[in-house]
Amino acid sequence: MPYIKEERKETISVEGDWDIGGSTTWKDSTLLQGYAQGLKEKRIIGSLCPGCGKVIVPPRNICGRCHRKMDEKVVVSDIGTVTCFVISAPFAKGKMQVLGMDPVETGLVGEGERVISVYVKLDGADSNIDTELIGAKPEEVYVGMRVKAVWAKERQGKLSDLEAVEPLRD
Amino acid sequence: MAGRVAIVGYAQSHHQHDIQMTREDMVFEVAKGALRNAGISREDVDTVITASTDFLDGRTISNLYTSMAVGAYLKDESKVEEDGAFAAYYALMRILSGVHDIALVEAHTQGSVVNPHLVSSYTLDPLFERQYGFLNDISAAALQARMYMNKYGVSEEQVAMVAVKNLMNAADNLNAHRKMPDVTVEEVLNSKLYYDPIRELTMSPVSDGACAIVLASEEKAKEITDIPVWIEGVGSCQDGYLRDRSLYKLDSLQKAAQDAYGMAGVSNPFAQIDVFEVSEKYAHEELMIYEALGLCREGKGKTLIEKGMTGKDGEIPVNPSGGALGADPICATGLIRVVEAAKQIRGEANGYQIPAYRALAHGQFGICAQKNVVFILGSE
Amino acid sequence: MRNVAIIGCGQTKHSARRRDVNLAEMVGDAVWNALEDAQVTPQEVDAFTVGNMQGFGGVAQPEQWLGDWIGAAGKPVLRVATGGSTGGCVAQAAFYAVASGLYDIAVATAWEKHSDSKEPGATTGLSHVALGNTINMINCGLSFKHLLSMTLVGAAAGVACYQAMYYMYRSGSRVEHLDMVAAKDRRNAAKNKYAHLQWPGCTPEDIAKTEWVAYPFRYGHICPASDGASAMVLACEDIARKRCKKPVWIKGLAAYSDEENQIMSEGAGGIGILDASQQIGATMSAIKAYRMAGIRDPQKEIDVAEIYQPFPNQELIFAERLGLFDEGTAWRALEKGETDINGRMPCDPSGGVNATNAIGSSALQRILECALQIMGKAEEHQVPKEVHNAVATGWGGATNYIAVTVLGDSPY
């Protein structure tokens, strides 16, 4: 019988290393590079599905709904609508680390600051992009808020060229 | 079996090292290809079963990003975390249950993502063998080879002959990865030694590849195609852990094969099955597989290879496609065997066709072929 | 189709760190308990289906090592894994194994042992879901600030955060309702001896005192990472009627995949889903499963639901997707106490995933808890009414996998 049911006493813990993350090499498409290059000219590129006509930003290769390749690229507006938002807890020194750095210590966010992450549906797109909302207080953000892109002053064809979005005021 | 299930379409990639495609594109191509081959569209599919593993893919929930690529959007989908032949086995169960009629089965691995031999050491008992640090799939296979060879007096030349046969066969197969039309026994024996007696040419290459098939219930299969390949029998079995089994033979494969034979009404596989497609990750395993499949008595696998009976023009051709030694995109390997067996029955194996009415396909997974699944395919 | 029934259930105690057992022993305990409950010997089992998220425990293909502990050597073993819904898919695989006619008795077992990984908790494994995509984004010049905001609301909690916001926006519910769900689940868990986070007498006010993770989630809302295993014995009709006084029939099941809902999607591209609380796959699965089960009006015919809810908003969303409440009204039913253990439509009387989350096992546990309710073996958390039909869900991936299983006390 393989089963021997018994009361077990405290066992020992055997330490070992199993993280194999460092030795992986993924293949990824070059679509995102093209998207980042477009940002240099303030162009936000999406891919158009020939089946359902949806425009997906950032571009992707395959429309899962139609099971078709999305080869055509289109440019969408840099103005859009907030479809959802999440507000972080107030930051504090020593509370959390990202990539081994303390965001407050490095000056990235201020003590007690609350970062607002938003999903924005840009005009002309059928998908959300995930970005940060600046220029508004946490209590001011609402679903349906009109926002526009905040561009970096010197754009280098990187994802960071599209810094954030801010409320659209006319 | 209560109902009958047939393979009605298939596709596979051109297996190679370091393929210049993302996994999603690779999966998309074979899924589309299999549906096109079957002459159906994605809308006809009821259920999708994929095979890949988190460790080999280097990402948790390995099917997360490939679900849409395979065409599983709003389909009853599941993932089998082992060889693709097990995915076909699960899809077969799903159709036999009567809940689904048409299943798309897909399997892929890009061996270039993570070194699969590194991954294999993570399958070991974490409290003992892994800490010991010596064993991985290659060294365990070396132990297996030595035990088998010592017990039955098999020489390295005889093992090398398996590699020569399969690598030469692979040369005729467009999809194979390692093609060596002029390889000789000497060349195999002089190839790089990993763990004695495992050499570069007696173990499978690390390939990137994908494979997909479409399965259908009897009624649907007859609507879809004129040349259905029927699944006559299936068997699956897992062996005990490495320490707790006899390494010199493949008990679990033997049991799986017996189950499959019983279901298909095969009493004499040597005479009743025309062609065999087996997953031999190492050359010596093919000899062990001959024995486990009941093609010869225990320890007599060497005679079959020496007499050339398992060659392309032998009495029982084994791996005319080149087998796993020809291409081994790990999770896809077993499913590729199913496809190659189906190709033989449909008469579509260009360049390595063997007149076949009944074929056997075998998939394995785990260290020293711990898990096995056997399919008997037929044209009737 | 052959009728398939659950004839035995087994689970282990769940806690943050099960240091008294190793992985194999823990799974062995669950399987043994299930076999004992079903009065089936290991030799009689024809097939096994197993699953977990192998990245979380650091063992690849663990069933190959622990097969001997559960008596699987020399038997067919099928490993199924689909993220959070793994357990549900494992149970469904066991159903298909028996329903196909290939096997008569099958054991489904699923487990997770988070504490075996170096960083206790699910973080190590989960960061690997999209690590390749994230690295690609960093290579394309993702700013550190953006990475920070992604990390904050990243991984599963992130999608769920947005999902909660979408639901609250659409239905008019508030954070207080999340507090109420979490409090109810922790109270229920206190009655379940196998559960992890037990908090007798927990009130929504207690939950509201915990710190914010990111609005709208507080620490009190979020599931723990548990160690634990669960197992079920499934059998065909003949055997089930012979062996079991009250077999629980699997009447309907489905697992429809949806588009993955993560901004860093395939090739780091976008996705076509605009509303993360939409969950079309869940609606489709529920429709299919109910049709198979012959259930026309789930609001009347379903007696208890076990919903996979690592985050409290999901209990509300999926209760609606399962048709237990009208669209956008689950939170009103919650306010009225209808989802309480003694309410009209008890949801997660076991405490659910919100109180116990051994990821691979969680979705199997939902089915198992439904079975216990129907068998009348749920002891302290048994709902105080007759249970004829129950529904269980599993949820996984980036909101894209769902496994719905409908169970009943009769096969028809």
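A polar contact here is a pair of N or O atoms within 3.5 Å; within protein, one must be able to donate a hydrogen and the other to accept it, and residues adjacent in sequence count only if both atoms are side-chain atoms. Keep that in mind for the interfaces below. This is a predicted model, where local features need pLDDT of at least 70, side-chain atom pairs count only at pLDDT 80 or more, and totals for chains, interfaces and linings use all residues. Residues are numbered from 1 along each chain as its sequence is written, chains are lettered from A and ligands numbered from 1 in the order in which they are written, and side-chain values use heavy atoms, with hydrogens and water left out.

Let's start with chain B on its own. Its secondary structure comes to 16 helices and 11 strands, counted as DSSP runs numbered from the N terminus (helices are H or I, at least four residues; strands are E, at least two). The C-alpha trace of chain B spans about 55 × 45 × 40 Å along its principal axes. A compact globule of 380 residues would have a radius of gyration near 21 Å, and the 19 Å of chain B agrees with that; the radius is taken over C-alpha atoms, and the globule rule is 2.2 Å times the number of residues to the power 0.38. Of the 380 residues in chain B, 72% are buried (buried means under 20% relative accessible area, exposed over 50%, partly exposed in between, with a 1.4 Å probe and protein chains only). Take the contacts in chain B (heavy atoms within 4.5 Å) between residues at least 6 apart in sequence: 77% of them join residues at least 24 apart.

Next, the charged pairs. Side chains of opposite charge can pair when their charged atoms come close. The working rule for a salt bridge is a side-chain nitrogen of Lys or Arg within 4 Å of a carboxyl oxygen of Asp or Glu, and over all chains the count comes to 57. One of them joins Arg243(B) to Asp125(B), with the closest N and O atoms 3.0 Å apart. That pair links distant parts of the chain, 118 residues apart: Arg243(B) sits in the loop between strand 8 and helix 11 of chain B, and Asp125(B) in the loop between helix 5 (116-121) and helix 6 (129-132) of chain B. Arg243(B) counts as partly exposed because its relative accessibility is 39%, whereas Asp125(B), at 5%, counts as buried.

Another salt bridge in chain B pairs Lys281(B) with Asp328(B) at 3.2 Å, N to O. Here the partners are 47 residues apart, with Lys281(B) in the loop between strand 9 (275-277) and helix 13 (283-292) of chain B, and Asp328(B) in the loop between helix 15 (323-326) and helix 16 (330-346) of chain B. Lys281(B) has 11% relative accessibility, so it counts as buried, and Asp328(B) counts as buried at 5%.

What does chain B do with its neighbors? The size of an interface is often given as the accessible area lost when the parts come together. For chain B and chain C that buried area is about 4,900 Å², 57% of it on carbon and sulfur atoms (the loss is taken with a 1.4 Å probe and summed over both parts). The contact takes 57 residues from chain B and 63 residues from chain C.

Between chain B and chain C there are 24 residue pairs in polar contact, both at pLDDT 80 or more. Helix 4 of chain B gives the most to this side, with six residues. There are also two salt bridges between chain B and chain C, including Glu63(C) with Lys371(B), the closest N and O atoms being 3.2 Å apart.

Now turn to chain A. Chain B and chain A bury about 2,000 Å² between them, 57% of it on carbon and sulfur atoms, with 33 residues from chain B and 19 residues from chain A in the contact. The rule finds four salt bridges across this interface; among them, Asp25(B) and Lys69(A) meet at 3.4 Å, N to O. Polar contacts here come to 10 residue pairs, both at pLDDT 80 or more. Helix 1 of chain B gives the most to the side that touches chain A, with seven residues.

Terms used:
Buried area is the accessible area (1.4 Å probe) that two parts lose on being put together, summed over both.
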